[in-house]
Structure formats: C-alpha cells, structure tokens
Amino acid sequence: MAGFIFRRILWAIPTLIVVSFISFVIIQLPPGDYVTAYAAQLRHSGDYISLEQEALLRAQMGLNDPMIVQYWRWITNIVLYGNFGHSLEWNAPVSSLIWDRLGLTLAISTLSMLFTWAIAIPVGVYAATRQYSVLDYVFTIFGFLGKGVPDFLLALILMWMAFAWLNMDVGGLLSPRYQNAPWTIDKVINLLSHLWIPVVVLATGGAAGLLRVMRANMLDELGKPYVETAYAQGLSERQVVWGYPVRVALNPFISTVGWALPALFSGDVITAVVLNLPTTGPLLLQALKMQDMYLAGSFILILSVFTVIGTLISDILLAWSDPRIRYS
Amino acid sequence: MKTTTIQPMPPERLLELDNVHVHFTMREGLVKAVNGVSYHVNRGEVLGIVGESGSGKSVTARSIMKLLARNAIEAEGRIRFRPKPESEIDISALSRQSREMRALRGGSIGMIFQEPMTALSPVHSIGTQIMRTVMLHRGVGKQAARQRAIELLERVQLPKPAEMVDRYPHQLSGGMRQRAMIALALSCDPSLLIADEPTTALDVTTEAQILELLKSLQEEMGMAIIFITHNFGVVADIADRVAVMYLGRVVETGSVDDIFYRPGHPYTRALLQSIPKLGQAPMRRLRTIPGMVPDPFNIPEGCVFNPRCAHAVLGTCNVEAPSVVSFPGEQSVRCHFAGQLPEEVQ
C-alpha cells in the first residue's frame with residue numbers, strides 16, 4: 001500500500017510540470033495580450049492610449065520576452081517563493097485575490113457535495129431495493145426534473161421566491177453590513193441564511209444525476225450471487241444491503257471524488273455569477289476575458305494541482321476499499 | 001388445501017417437505033415451478049436431488065431457506081425442520097425476514113452455491129466473511145471469531161489457513177474458493193447443509209476433491225446434506241438416498257442402490273440410459289430422451305412426463321395425474337405403471 005502511494009506521488013510530479021506549461025501556453029494562444037485588452041477597454045470608455053504607451057506597458061510587464069522566458073519567470077517564482085505573480089488587471093498579487101475566495105469556495109462546494117451524497121446514496125439504495133415501487137417512480141421523476149432544470153434557472157427561481165415571499169436578503173454570501181465585520185455568531189447566522197440557496201442549487205443537480213448512478217449500480221450488484229450468500233448467512237436485509245452490495249456500488253462514487261475537487265474550485269461558474277457569490281468561478285471567468293495571464297494561469301495551475309491531488313486521493317481511497325485494485 | 005391431520009415426524013427426521021408448491025408471477029403469467037414436492041432428510045444423511053434444469057430442484061431448496069425471489073408465491077405445503085430433537089420448527093409459517101428464520105440461515109442450515117467465483121463478496125477477505133457469520137450466530141468477539149475462521153479454513157484443507165484468512169476471493173482459484181465457501185457454510189456447525197450444484201462450475205479433478213472433502217466433513221461433523229446436481233455420477237458418489245425431479249415434481253425417490261439398479265420411473269430409466277457405462281457394447285449410440293422439457297406455461301395434462309415417455313399409454317397417462325406408488329424399502333415412484341414396466345434391456 002505504501003509503495004503504491006509512493007509510486008502514484010512520483011507520477012504526479014511530471015504530470016504537474018507538463019500541465020503547468022500547457023496551461024500557460026494555452027492562455028497565451030489567443031491573439032493579443034493583456035495590453036491589447038486593456039487598451040480596448042480604455043477606448044471603449046472614451047479614454048485614449050497611444051501606441052508608445054502600449055509598448056511601454058508591454059516592456060514593463062515583460063510581455064515582449066519569449067513565452068518560454070515568461071513561463072520560467074512565472075513558475076520559478078511559484079515554486080521557490082510561493083509567489084503567483086501580479087494580476088495585471090487588479091494590480092494586486094494573485095495570491096491575495098485567490099486565497100480569499102478559495103476558502104469560501106471550498107466551504108460552499110464541500111457542503112454541497114456532502115449534501116449531494118447524503119441525498120443520492122440513501123435514495124439510490126432505496127430506489128434499487130424497492131425497484132418499481134411508488135417511491136421509486138417518485139424519485140425517478142424528481143431525478144429527471146433535477147437533472148433537467150438548469151442550475152442557474154433554479155437559482156433564479158429560489159432567489160425570487162426567497163425575496164418575494166420570505167422577504168429575505170438574497171444574493172452574495174453576506175449582507176453588506178457584515179461584509180467587513182469580524183466573525184461573530186450573528187455573522188455566521190447571516191452567512192447560513194445566504195448559503196442555503198447555492199448549496200441547494202448545486203446539490204439538486206448533482207444528486208439527481210448521482211442517484212440514477214447509484215440506483216443502476218445497486219441493481220447490478222443486488223442480483224449477484226454474493227448477495228444471496230450473505231442472506232444465506234442469516235444477516236438481516238439491512239446488514240446485507242449496506243454491508244455488501246453498497247460497498248461495491250460505491251466504487252464509482254469513490255473514483256469520482258478526484259474530479260469533485262477541481263469542480264469544487266471552479267465551482268458552478270454560471271450559478272456563482274447569477275447568485276453573485278464571491279467564489280473563484282466568476283474571478284476566473286473575468287481573468288480569462290481580460291487575458292490577465294498571471295491570474296488565469298495561476299487559477300488553472302491550482303485547478304490542475306487539485307485534479308492531480310484529487311485523482312491521487314481517489315486512487316488511494318479506491319485501493320483501500322476494493323482489494324481487487326490494490327493487488328493487481 | 002388438504003385437511004389431513006399433520007403426522008408427527010419420526011425421531012430420526014431432520015427435515016420434511018410436504019406437498020410444497022412454489023409459483024412465480026411473471027409478466028407472461030403464472031409459472032408453477034414447484035408442484036407438490038415432498039421429500040425428507042434424516043439426521044446425518046445425504047440426499048441427492050437430481051433433475052434437469054428447470055425441474056425446480058434449486059427453487060425447492062431456496063424455499064427451505066426462505067430465499068426465494070420476490071415474485072415467488074409459496075402457494076401451498078409445509079416445511080418442517082428439527083435442528084434439535086426437542087425443537088420442531090415450521091419453516092413454512094415463518095416470514096422471510098423473521099428473527100427465527102435468520103437464526104436458522106447460517107446457524108442451523110448452511111448453503112453452498114454453484115458459482116464459487118461470484119458467490120463470495122469481492123471486497124471482503126475470506127476471514128471477514130466467515131467472522132461476520134460466526135459473530136452473528138455465536139455472539140463471540142472478534143478474536144474468537146477469527147480463531148474460529150482459521151480453524152474452519154484448516155478443516156476444509158486450505159493450505160496455510162492463518163494466511164488464507166486475510167486473502168480476498170480474487171486471489172484464490174476456483175477450487176480454493178469453493179473450499180472457502182464450504183468453510184463459510186459450516187461456520188456454525190449446521191445440522192443441514194444445502195449444496196446447490198457445488199461442483200458444476202469446477203473441473204473434474206477439483207470436483208472429485210471437493211466431493212471427497214464434503215464426504216469427510218459429513219462423516220466428521222455428522223450433518224445432513226441435500227446435494228443438488230444434474231450429474232448422476234456425483235450422486236452415486238456421495239448420496240445415501242436420491243430424489244429425481246421433473247417439472248417441479250419428485251417422480252421417484254429411493255436409496256442409491258434402488259435408483260441405480262431398479263429404477264422404477266421411466267424418466268429415471270431414461271436418464272440412466274443416457275449415461276455412458278463402462279463395459280457397454282461399443283459402437284452403440286447413447287439413448288437420449290426424445291423431445292424437450294415443456295415450457296412452463298404449457299404443462300402437459302395428466303402425467304407431466306407423458307409426451308416424452310416411451311411407455312406412455314394414451315387415455316391414461318395424458319388424462320390422469322399419477323399418484324405415488326410405494327415399494328418395500330424406501331422406494332416410491334410417481335407413475336401409473338410403477339412396478340409393471342417391462343424389465344430393462346441393457
């Protein structure tokens with residue numbers, strides 16, 4: 001097991017190097033650079049910027065250097081000093097922009113993932129063990145509805161209902177008066193009163209899909225002979241179902257933990273924009289639009305690191321839960 | 001429903017099935033898979049149950065364990081089981097999930113299945129699976145259960161039982177898995193072991209080893225075995241008595257010798273003639289039974305075997321269902337012409 005983990009970690013290193021390089025290159029691929037976008041924005045708002053000024057800006061920002069030099073400068077700063085560079089648009093260190101939002105993003109996303117699983121697994125198991133029962137059909141209908149209704153639409157509806165009927169203050173994560181206040185019980189309560197909409201929105205979409213997966217997996221497993229063996233040992237139905245087929249049916253869930261991590265980080269961008277959440281998704285979108293390359297590059301790098309770490313975690317979890325993977 | 005008074009079971013009796021009917025509701029209609037099966041097992045005896053696929057032998061066995069599929073209807077009949085001389089249990093009156101039934105499963109009745117490859121949980125070690133059963137029925141702690149598991153693995157002659165206990169099913173060969181399966185079924189010293197085609201999926205050499213093992217375990221532990229198979233050779237090897245099933249009915253029962261040397265039912269005879277014998281005149285084709293097993297929605301009138309029977313008499317066999325004719329010894333035959341059939345031409 002230790003050897004398995006060690007090998008996996010070794011493999012992660014070259015993967016990360018390649019990924020960081022590719023992400024940097026991809027960001028540079030569109031024609032123009034940050035200065036072009038900046039100048040276009042200025043002209044749009046009626047300001048004027050001369051070509052000389054543009055050239056000066058480029059020289060200051062080091063945008064004229066070959067791409068490989070820019071990459072090297074960026075990556076060595078990250079690896080050696082933990083410095084992700086300077087956001088051109090925000091004129092602030094990238095790390096201060098990202099880490100602020102990262103905590104909240106992780107909180108929302110972890111919460112909604114736990115919510116998703118807490119709904120999807122028991123409901124999926126129930127629907128499979130009572131296949132074609134009334135409740136199974138009800139869950140199926142809700143599953144398809146949850147999958148079919150776009151997240152942002154659900155977010156809009158919930159916001160409207162909360163605003164119009166419950167007279168709640170919606171959008172964002174905190175009411176303005178708590179924005180810069182120190183953390184108190186009141187602030188936490190205020191946060192929770194805002195948090196439920198994004199959590200419900202993100203969880204319903206996810207749970208709807210996952211409960212179908214769980215139901216299908218369980219139906220596959222319930223028919224297998226080892227389930228009958230477990231019954232023949234005198235175990236009760238609950239002991240059999242949760243002790244044997246659920247253990248096997250959870251494997252696909254475990255192997256997707258890895259993808260959940262980057263999804264957590266990028267969040268559901270559209271939902272986040274609609275709900276005006278101070279998470280990472282909208283910031284990444286803006287950075288890409290402005291070709292703010294250090295910010296966008298750092299985002300994508302962190303995303304990739306999360307993907308690699310996530311995959312590593314799910315590999316380890318899977319090996320821990322399924323001996324067939326551990327030994328082959 | 002029959003209204004006869006219930007006969008008390010003789011003292012040596014362990015299990016008695018009386019007129020068991022099992023039906024399945026399907027989209028296409030009602031399938032009557034088991035139609036009035038009666039057989040019994042005495043303490044410490046091996047009963048072989050032989051029949052083609054679809055004859056209802058596995059379904060009957062599962063109705064003893066109350067492990068039938070959800071669409072099954074236990075229409076009629078009584079199953080009585082006496083794990084200890086003083087306690088008689090009416091299994092047919094228990095519900096599938098009742099505490100009493102769960103105590104019987106794995107505790108007093110063990111079961112081995114056909115597919116050793118898939119009948120063990122892939123994500124639990126052999127030891128864990130045995131330990132769960134032992135802890136459930138014996139109420140012992142983890143350490144004692146583990147000790148018991150190692151002891152059981154040694155008993156089924158797995159090499160290095162102390163290491164085997166932590167192995168997973170996919171690390172073992174088919175024969176080893178079936179041994180582990182036997183250890184699991186025997187983990188609480190059951191008084192009855194139901195073996196549902198336990199050697200069908202194994203190669204012939206392994207089959208012989210598993211049969212030897214079952215025989216020696218049976219001698220050692222004294223449990224009774226219901227051995228389900230479609231292979232007469234296996235029955236001759238292990239069984240004391242045999243019940244031959246066809247289309248959800250027992251057509252003939254008797255001791256192994258009676259069945260092999262004096263088969264009374266045309267179906268038993270036909271089955272035996274379809275097996276190659278040593279010393280038989282060479283160059284003769286094996287006899288086959290004409291026709292196919294009828295489909296379960298079109299069960300023939302009268303004797304269910306009559307369309308395929310060489311001795312069928314029109315007007316009798318295709319009109320009236322035969323009743324059971326008993327012979328001295330324990331042989332009984334369900335045929336209109338039992339005892340009147342011509343001697344076999346070998």
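Author: In chain B, four strands form an open sheet in the order β2-β1-β4-β5, paired in the antiparallel sense. Strands here are DSSP runs of E with at least two residues, helices are runs of H or I with at least four, and both are numbered from the N terminus. Two strands pair if DSSP finds at least two bridges between them.

Reader: Which strands are the edge strands?

Author: β2 (29–42) and β5 (87–90) of chain B, each of which pairs on one side only. Neighbouring strands of this sheet are turned by 10 degrees against each other on average, direction ignored. Axes are lines fitted to C-alpha atoms, for helices over the stretch in contact, and angles run from 0 to 180 degrees between N-to-C directions.

Reader: Before we go on, what kind of model is this?

Author: This is a predicted model: local features need pLDDT of at least 70, side-chain atom pairs count only at pLDDT 80 or more, and totals for chains, interfaces and linings use all residues. Residues are numbered from 1 along each chain as its sequence is written, while chains are lettered from A and ligands numbered from 1 in the order in which they are written.

Reader: Ok. How many bridges join β1(B) to β2(B)?

Author: 11 bridges join β1 (residues 13–26) of chain B to β2(B), and the two run antiparallel. Glu16(B), for instance, stands opposite His40(B) in β2(B).

Reader: Which strands does helix α1 of chain B lie across?

Author: α1 (residues 57–65) of chain B lies across β1, β2 and β4 (72–84) of chain B, and runs at about 110 degrees to β1(B).

Reader: And β6(B), what does that strand pair with?

Author: β6(B) pairs with β7 (residues 192–196) of chain B in the parallel sense, over four bridges. Met111(B) has Ile194(B) in β7(B) as its bridge partner.

Reader: Are the residues of β6(B) buried or exposed?

Author: All are buried: Ile109(B) and Met111(B) point one way from β6 (residues 109–112), Gly110(B) and Ile112(B) the other way. Buried means that 20 or more other C-beta atoms, placed from the backbone, lie within 10 Å of the residue's own; 12 or fewer is exposed, and in between is partly exposed.

Reader: Now chain A. How many helices and strands?

Author: Chain A has 16 helices and two strands. Of its 328 residues, 32% are buried. Its C-alpha trace spans about 85 × 55 × 40 Å along the principal axes.

Reader: How do α14(A) and α15(A) cross?

Author: The axes of α14 (residues 280–289) and α15 (residues 293–321) of chain A come within 8 Å and cross at roughly 135 degrees. That makes α14(A) oblique to α15(A); under 35 degrees counts as roughly parallel, over 145 as roughly antiparallel, 65 to 115 as roughly perpendicular, and the rest as oblique.

Reader: Which residues of α14(A) meet α15(A)?

Author: Leu284(A), Ala287(A) and Leu288(A) meet Leu295(A), Ala296(A) and Phe299(A) in α15(A). This contact has six nonpolar, no polar and no charged residues. Ala, Val, Leu, Ile, Met, Phe, Trp, Tyr, Cys and Pro count as nonpolar, Asp, Glu, Lys and Arg as charged, and the others, Gly among them, as polar.

Reader: Last one: how many residues does each chain give to the contact between chains?

Author: Chain B gives 24 residues and chain A gives 21. Residues are in contact if their C-beta atoms, placed from the backbone, lie within 7 Å. On the side of chain B that touches chain A, the largest share, four residues, comes from α3(B). By class, that side has 11 nonpolar, nine polar and four charged residues.

Conventions
Two residues are in contact if their C-beta atoms, placed from the backbone, lie within 7 Å.
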